Structure formats: structure tokens, C-alpha cells
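Okay, thanks everyone, I'll keep this short.

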Protein chains: 4
Amino acid sequence: MEAGIITLEEEIDMHGRMAMAINVIEGCPEFANLIPEVRANLVYARNNAKTREEIMAIDGRVTVVSGRPHAAGKPKFGASSHMARLIIEIRKTDPSLRAGIDFANNPHLAKWLEHYCHSKGWVFSVIDRRFEPEEIKEAEGASMPWKVKAAIEAAGGKVPKIFYETGAVGKEPVSVLVGSEPLVVAQEVCEIARLYYGECQG
Amino acid sequence: MEAGIITLEEEIDMHGRMAMAINVIEGCPEFANLIPEVRANLVYARNNAKTREEIMAIDGRVTVVSGRPHAAGKPKFGASSHMARLIIEIRKTDPSLRAGIDFANNPHLAKWLEHYCHSKGWVFSVIDRRFEPEEIKEAEGASMPWKVKAAIEAAGGKVPKIFYETGAVGKEPVSVLVGSEPLVVAQEVCEIARLYYGECQG
Amino acid sequence: MEAGIITLEEEIDMHGRMAMAINVIEGCPEFANLIPEVRANLVYARNNAKTREEIMAIDGRVTVVSGRPHAAGKPKFGASSHMARLIIEIRKTDPSLRAGIDFANNPHLAKWLEHYCHSKGWVFSVIDRRFEPEEIKEAEGASMPWKVKAAIEAAGGKVPKIFYETGAVGKEPVSVLVGSEPLVVAQEVCEIARLYYGECQG
Amino acid sequence: MEAGIITLEEEIDMHGRMAMAINVIEGCPEFANLIPEVRANLVYARNNAKTREEIMAIDGRVTVVSGRPHAAGKPKFGASSHMARLIIEIRKTDPSLRAGIDFANNPHLAKWLEHYCHSKGWVFSVIDRRFEPEEIKEAEGASMPWKVKAAIEAAGGKVPKIFYETGAVGKEPVSVLVGSEPLVVAQEVCEIARLYYGECQG
């Protein structure tokens, strides 16, 4: 089953939720501290999305301007490659997950996230890319399926709510949070930013 | 009956349609020729909106950058004063009208618009502000009710689809097009821009 | 004598002063109150500029976003029509004046500006467009020379530091401040905004 | 000797050259292909700059919007950390170098750059971070001095015009081009983008 021609209702819903999610993110100065070097992106997949052209993302990603999160461009279909492929892969296991965001990772945050997920009853997992087979590292486009499979296996067969990866040469480690739609995903990652940054400052 | 607390559904619908309407406007280079000196704004009223805080509009209006229409900021409740008061006033006569946009006016365009409205079966009218009573001109906030009343009277009791005003000292004359929601309003005004500019060029 | 090919030094100087002037304007929230309906523009003419292509201006003008002054686009040669023609005309009398900005006008501000200019030793004047001959109003491009001539005559033969116009049908009255370069012009208009708005609030 | 209070002349020069450099970069669509995952930044150091507050950089870095390079924010002192520390370190060996930009790296581009530098008579070098001592990797802020020293040693004691690094866990490899001021640096990196992308496409 393919995504098919988009209806006006679906397009309004997707643009509306993405616009509101961006307002949440740009309105959360603490999230600036969790934007990774590669910048964050927020994706929202159409139902039955199979290709990156069916995934809405923020054109130019979310960067930091004047110390605050700033969407460089507008939500657009096809604006993400990496996060789009990730959500497509995840949805093969759990099609209810249509949205995701990537954010910073470091050892201190990783430990904090593990505790936080535990307190929320969220599944959490880690991908250790040192275990990625050489033939997969070298094959174009083969890493993403391996990574998502590894994250799900490490979580006992379920798609984790939050996961991160470590150990790759030439790749910044990032955390990922997934959910059913982008507005809640934005609210969840901003709550993390406020709690974590509050504790780090305190 | 007041607008009341906004529901998530209403907010998603309003943000979604405004985002799509802005994409339509920014994607229509011909509309740059119809942006007035005061810049254009597009408004979308909540059902039962009574105050400008219940009217969504483009923060900073639509200006022209690199020769193309450009929304200076994002859609926001309360971002318009003039167009918000206009749509509130219009909705006292026809509450189905929730959206409107202002654009340029000049004698040649005015004549063209009159013919165009005729061909579409749209009601068209003109407000001659030289007939505005002095006591209304001088009373703060009294002009808008007078103007809208004049436009409706000139149209035989109906809210016109398109109207413009002329003859005021210190006021740029602008045209206004109204409709039930901003996406169709944007499509309609862009069709006008393409047709009119095509004819002017031709 | 024409402006000729621009040197690297001149281009760096013009981009540098415009960028700094925009930082001054965007850093002055009080100036948001003095942005007219037609939006403000800041121009900077090349030495010996004769055409609008030799005048740098802010593409898309300065609008108000989130309650603060916001340059919609970047400084660009040829980005202004109205203010470019004004500075070209002024420079026929005083070629040392290369920069100018337009801002709001109303009767209360007009009186305040007259006193302020007096206290600063600045020449101030008013153009009453009701005295503009009909044949000039109707001839394309004839108004600007008449207006500038009227402003200079009303100031006893000198180009005024600040002037404004009143009384035109279909035209918003704006104030204009001129100077030798845009950074000082921006600082001067922002001092006016802070002083005037401070007094109005107080 | 410290950088001291900035003069108006220096500030105009820095803002002017950065604005023009950004116009060059944004006007080069091919450079979009050379923007790394971490996004590019362009820095311009004050004479005698010792701290990142004395280095101008693009706030929010240069990202890709609508397929073209796009400066997310404006040039600002203190807007870069990584590239600012790099240029400070480089200037300890060659104080005439005040500007630099980072861009993508991959094995194919690396080989191409080596040939290109050879054809231009430019010094080129590579930093292999697998040789970075463990105690330096772990000490906060110690990597940059080591990296710059390694790049200069690999180039026989001179600061290379272009260099890149490889082999770090968790770090995207980027190329760096340095020069005396940002406008020429921007022109040089855009020439590389056009030539390299032209050859890749051809």
C-alpha cells in the first residue's frame, strides 16, 4: 500500500502540526543547548510513506541564532535525507510512529536520558556502531537498516522512544526521540531540554 | 457567543491553512506587482472572533524580497490591526467570511477587477471615502464600520467578494478580497495577479 | 560626472555601514513605533549617484516582526524606488547628503519633531501637498522634484535635516531624516524614537 | 599585544567584507554540495584577536535552504566556537591569516583538493587524528592546538592553504581553507565548488 495522492485534509494537518511544533521548539531557549553540531531536524511522515519525498522536514534544519533554536527554512516534503530514512525504517516495525527529532548526545546526557526514560516508562536503547559489520559500513545506504534493527533488538523487539548511537568514526553521535506526530515530539524534547538544562545549571 | 478556548483541531487547521496559503503567495512572483506600499496582509478569523487577538495574520506583513512576495514573519494571532478590524466588521453581516487579503489598487486595475468580478459572478463594490462624514473621520476607530457599511450598501446589502476604497487624504487606496478560508483566498488573489499581470505585459 | 565603476573600498564601506545601521535599527525596539504603514527604508547613495541602481537600500524595507524592527531582506543596490528618487533629488542641492530614512508622521509627532530640531539646531520643514499643482500630480515622476524643491524653499534654501509632507490624497504622510551616511542616520532616528516614545509613555 | 577597542574603520571593514562574502556564498548554488553535516562557518578575526569574542562569524552557520547556501543569521562577534579557536591557533604561526571557512570532506574530494592545491601552488595537508594522543583527546580544549600543530608539521612548517582531518570517532571530517580576509576566502571556496561539482557532474 502506497501513500497515494495527498488529500487537502492530510496536507493541512501536516502543515499545521509542523508549524505548531516549530513554534514550540523556537519558544524553548533551553533546546539550543541540545542542538547537535549537525543541527536538529524534525520529520513527519505521511501515512504509508515509503520515500523521503513523502516525509515532511524542516528545510535547512534547526540551528541556533541569537542563542535560540531557529528553523532555518520552512517545513517541506523531501527536505530531509538522514532523518527521513530513519523514520521510514522505524515504521517498518511500528507504523504508528510518524514523527521524530534528533538532538545532542554526550556521556552525561546519555545517563540522564536512561534514567528519565525509566521514570517515564519509556523504552530506551543504545546502538554501539563499533559492532557494525565492515561490509555494511561500506555499502551505500546499508547503515540505516542495520542501526534501526540494532536499536530495536537492544530494546527487546520494540521501537525505543529514545535511542542514541556511539562509536562511529566520522559521525557525530546523536540522540533520537520518536512519536506519533511532531507537536507532541516537540513538546517532549523541549521538556527534556528544560529538565536536563535545569539540572545541569543547578 | 464568544470564540472561547481554542481547540487543538481548530489551531492545527488555522496554522495549516495559513502555512499553505503563504506557500501559494510566495510561489506566485506575479503577486509581487500587486503588493501595495503598505504591504499586504492575509487574515484568518476564528469562528465567532470578536477581537484582533482572535484573528491570525502574518507578522510583519507580506513584502517583496528579491522581486518575489515574502512573508516577513510567521502567522500569529493578533499580528494585524487594520485587516483584523476589517474582517471582524464584515463578519457582522456575513459570519461565513473568515479570511481576507489586501492588495494594490489603481484606476486601471480597478476597472479590470470590475470586469473580472462580473465574469466570475462575484459581487464587487467601491467605497468613495470623500463621502465619509467629518465626525467619523475624526473619531478614533469609527472609519472601519463606516467603510464596511458603505461597501455593503454599494453592493446592495451583500458583502462584496472584492472591494476597494478611494479618495482619502493620507491613506493609500487598497483592494480587498474576502472568502471563507485563507488558502482559497490566496489562490484567488494569485489567479488575479497572474491574469492581470499577463494582460498588462501582453 | 557619473558614479562610475565601484571600487572594492567603496563597496566594502557601503555594505559595512549599512550592516551596522541595520543592527542599530533592529536593536531599537522603540523604532517599531515609528515605522509607517508603508514600512521604512534606509538608503545610501554612491558618490555622484544619478540612478536608483546606484542607491543601496534594504530589500523588502524595514517592517515589524515580534514587535521589533526587522529588515525583511538585505541591503542591495536598486532595492528602493521612492527613497532612492528622493535622495537623488536632494543631492542636486547638497551632494554631501548620501543617506536618508523615512518614518512615521502624525500631528503630535510633527510638533515634537519641530521642537526637537530647534533644540538640536537642525533645519526642519514641511511640505503641504495641497499646494502641489494639478499638472505635476498627474505627470508621472514629477512629484518628487516638486516635493524636494518645496521642502528646500520652506527651509529658506537649505536642505532640511528632517521634513515631512501632508495633505495628499492616497498617500500616507511620512517624515524623512537625511545625513551623510547611514550609520549616523540610523543612530539619529533611533534617538528620536527613544526620546519621543519615552515622552509619550511617561 | 591585544586586539584593543575596535575602531569604526575596522568595524566597517569587517562588516562590509563579511556581508559581501555572504553574498558570494549565497550566490553559489554549487557550494550547497560542499556544506558538511555540521554546516559551514566563515570566520574573520580582528588583528591580534586572542579570544572568540574578537572573531566575527555567521550566527547559526551556513545551511542549505531550497537547495542553496543560506546564512542562518548575521555576522556577529563571538558567533563561532570551533572555527574561532581554529583561526586563533593558526594565527600563532601566521598572523596574516585572519579568515577561514570549513566545508565538506570525503575521499574523492580529498584527492581532488590535493591536485587542485598542487595546480595552484597552494600548500595542502592532512591531519590523521588516529595519531592524536589519548591524553589530548580527553583534555578539554587540547585537541585544537594539537590539530593545528599536526597540520603545520605535515606541511613542513607552513600553515597550509587547505587541510582536512580524518579518523576521529564521533567527529565529521571537514576541510578548511584559510586566507587573509573573508571575501577572497569565499571566492576561493566557491571556485572550488564550481570546479569540483562541474567535474563530478560531467
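So, let's start with C:Lys74, which makes a salt bridge to D:Glu26, with 2.7 Å between the closest N and O atoms. Bear in mind as we go that this is a predicted model. Where do the two residues sit? C:Lys74 is in the loop between strand E4 (68–71) and strand E5 (75–77) of chain C, while D:Glu26 belongs to helix H1 (residues 8–26) of chain D, so this pair joins two chains. And C:Lys74 counts as partly exposed because its relative accessibility is 35%. In general, side chains of opposite charge can pair when their charged atoms come close.

Next one: D:Lys76 and D:Asp59, whose side chains meet in a salt bridge at 3.2 Å, N to O. What does this pair tie together? D:Lys76 is in strand E5 of chain D, and D:Asp59 is in the loop between strand E2 (55–58) and strand E3 (62–65) of chain D, so the bridge links parts that lie 17 residues apart in sequence. Are the two partners buried or exposed? D:Lys76 is partly exposed, with a relative accessible area of 35%, whereas D:Asp59 is buried, at 9%.

Then there's a pair inside a helix. D:Glu153 forms a salt bridge with D:Lys149, and the closest N and O atoms are 3.5 Å apart. These two are 4 residues apart in helix H5 of chain D, so about one helical turn separates them. The general point is that an α-helix has 3.6 residues a turn, so residues three or four places apart point the same way. D:Glu153 is exposed, with a relative accessible area of 54%, and D:Lys149 is exposed too, at 54%. Over in chain A, salt bridges with shared partners join A:Arg129, A:Glu132, A:Lys147 and A:Glu165 into one network.

That same helix H5 (residues 143–154) of chain D lies across E7 and E8 of chain D, and it runs at about 135° to E7(D). Which brings me to the sheet. Chain D has an open sheet of 7 strands with mixed pairing, in the order E5-E2-E1-E6-E9-E8-E7. Strand E5 (75–77) and strand E7 (124–128) stand at the edges with a single partner strand each, so one side of each has no neighbour in the sheet. On average, neighbouring strands are turned by 20° against each other, direction ignored. Within the sheet, strand E8 (residues 162–166) and strand E9 (residues 175–179) of chain D run antiparallel and are joined by 3 bridges; for instance, D:Phe163 has D:Val176 in E9(D) as its bridge partner.

Now a covered helix, back in chain C. How many residues of helix H2 (residues 82–91) are buried? 8 of its 10, so to speak mostly covered. Among the buried ones are C:Met83, C:Leu86, C:Glu89 and C:Arg91. What covers them includes strand E1 (42–45), strand E6 (99–103) and helix H5 (143–154) of chain C.

Chain D superposes on chain C by a rotation of 180° with 0.0 Å of shift along the axis, RMSD 0.0 Å. The two copies are thus related as by a two-fold rotation axis. Of chain D's residues, D:Gly16 comes closest to that axis, with its C-alpha at 1.7 Å. Both copies use the same surface: 100% of the contact residues of chain D recur in chain C.

Technical notes. Residues numbered from 1 in each chain as written. Chains lettered and ligands numbered in written order. Predicted model: local features only at pLDDT ≥ 70, side-chain atom pairs only at ≥ 80, totals over all residues. Heavy atoms only, no water. Pairing = 2+ DSSP bridges. Axes fitted to C-alpha atoms, helices over the stretch in contact; angles between N-to-C directions. Contact = heavy atoms within 4.5 Å. Least-squares fit on C-alpha atoms with pLDDT ≥ 70 in both. Salt bridge = Lys/Arg side-chain N within 4 Å of Asp/Glu carboxyl O. Buried < 20%, exposed > 50% of the residue type's maximum accessible area, 1.4 Å probe, protein only.
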